[in-house]
Amino acid sequence: MPKSRIELRFGGTGGQGLVLSAKLLADALALEGRHVAQSQTYEPTSRGGFCNADLVVASGEVDYPLPVAFDYLVLLDKIAVKPSWPKLKAGALVIADSRLCPELPDGAGKAFSLPLSRTAIELGSERVTNIVALGALIEMTALCKRKSVEQVVRASSPRGFLDLNMDALAAGYELAKAPAVAAAS
């Protein structure tokens, strides 16, 4: 991780597993000795309202636990664009679900529209869209090693979801490698 402080957000709606994705990534980063602060915001509705999960990652102590400007933004629903977009750093990487977040404002450094939810549906459950997104983020950023994320996903998955979650993670890696993604960089 080249920068001493990295800020990122998983944004979407309640019920999409955004907080879980942030927790999994935080745990994987902690396995590698990084310091991580996690926070989340959600509306009072349990499903459908705006939700985000933010991480601040540092090589040493996290001096301020809340994000100020995002280096990375993962959008799983268009509801998260308006509250998240103004906090993007110049040159930030944005990964957006092409089905649920089809249009993005101008001004992001590198924005990629990927079929995250469609891929999850093809795997058998839209509920793993967050894991597909996590895999894509790891592949595109190298925030941590695949091995670390896979270890955390294995340890955190209920027995009935383990194979599906591992397949979703692998599918996310592959989406991030797709020729269209490589050509857009």
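Good morning. I begin with helix H6, residues 162–177: at 1.5 Å a residue, its 16 residues should span 22 Å, and the end C-alpha atoms lie 23 Å apart, which agrees. The expected span here is 1.5 Å times one less than the number of residues in the helix. Helices are DSSP runs of H or I with at least four residues, strands are runs of E with at least two, and both are numbered from the N terminus.

This is a predicted model, in which local features need pLDDT of at least 70 and side-chain atom pairs count only at pLDDT 80 or more, while totals for chains, interfaces and linings use all residues. Residues are numbered from 1 along each chain as its sequence is written, and side-chain values use heavy atoms, with hydrogens and water left out.

To return to H6, its buried residues include Leu 164, Met 166, Leu 169, Tyr 173 and Leu 175. Buried means under 20% relative accessible area, exposed means over 50%, and partly exposed lies in between, with a 1.4 Å probe and protein chains only. Asn 165 in H6 is buried as well.

Next, the overall picture. The protein contains seven helices and six strands. Read from the N terminus, the order of elements is β-α-β-β-β-α-β-β-α-α-α-α-α. A compact globule of 185 residues would have a radius of gyration near 16 Å, and the protein has 15 Å, which agrees. That radius is taken over C-alpha atoms, and the globule rule is 2.2 Å times the number of residues to the power 0.38. Along the principal axes, the C-alpha atoms fill a box of roughly 40 × 40 × 35 Å.

Of the 185 residues, 50% are buried. The protein exposes about 8,900 Å², of which carbon and sulfur atoms supply 53%; accessible areas come from the Shrake-Rupley method with a 1.4 Å probe, and for residues only the protein chains shown count as cover. Among contacts with a separation of 6 or more, 58% join residues 24 or more positions apart, where contact means heavy atoms within 4.5 Å.

I turn now to helix H4. With 13 residues, H4 reaches 18 Å from its first C-alpha to its last, close to the 18 Å expected at 1.5 Å a residue. Because 11 of these 13 residues are buried, H4 is largely enclosed by the rest of the structure. Its buried residues include Asn 130, Ile 131, Leu 134, Leu 137 and Thr 141.

Thr 141 deserves a moment. Thr 141 lies in H4, which covers residues 129–141, and counts as buried at 16% relative accessibility. A polar atom of its side chain lies 2.6 Å from the backbone oxygen of Leu 137. Leaving aside neighbours within four places in sequence, Thr 141 is in contact with Tyr 72 and Leu 93.

What follows H4? The helix is followed by Ala 142, whose phi is positive, near 55 degrees. Most residues other than glycine have a negative phi. Ala 142 sits in the loop between H4 and helix H5 (146–156) and is exposed, with a relative accessible area of 53%.

Now the charged pairs. A salt bridge is a side-chain nitrogen of Lys or Arg within 4 Å of a carboxyl oxygen of Asp or Glu. By this rule there are 10 salt bridges. One of them joins Asp 63 and Arg 5, with the closest N and O atoms 2.7 Å apart. This pair links distant parts of the chain, 58 residues apart: Asp 63 is in the loop between strand E3 (50–58) and strand E4 (70–75), and Arg 5 is in strand E1 (residues 5–13). Asp 63 counts as exposed, at 66% relative accessibility.

In a further pair, Arg 34 and Glu 32, the closest N and O atoms are 3.2 Å apart; Glu 32 is partly exposed at 24%. Glu 122 and Arg 118 also meet in a salt bridge, at 3.7 Å from N to O. Because they are four residues apart in helix H3 (residues 116–123), about one helical turn separates them. Glu 122 is exposed at 61%, and Arg 118 is partly exposed at 47%.

Finally, Pro 105. This residue is in the loop between strand E5 (88–97) and strand E6 (110–114) and is partly exposed, at 36% relative accessibility. Apart from neighbours within four places in sequence, Pro 105 is in contact with Val 81 and Trp 85. Thank you.

Technical notes:
A polar contact is a pair of N or O atoms within 3.5 Å; within protein, one must be able to donate a hydrogen and the other to accept it, and residues adjacent in sequence count only if both atoms are side-chain atoms.
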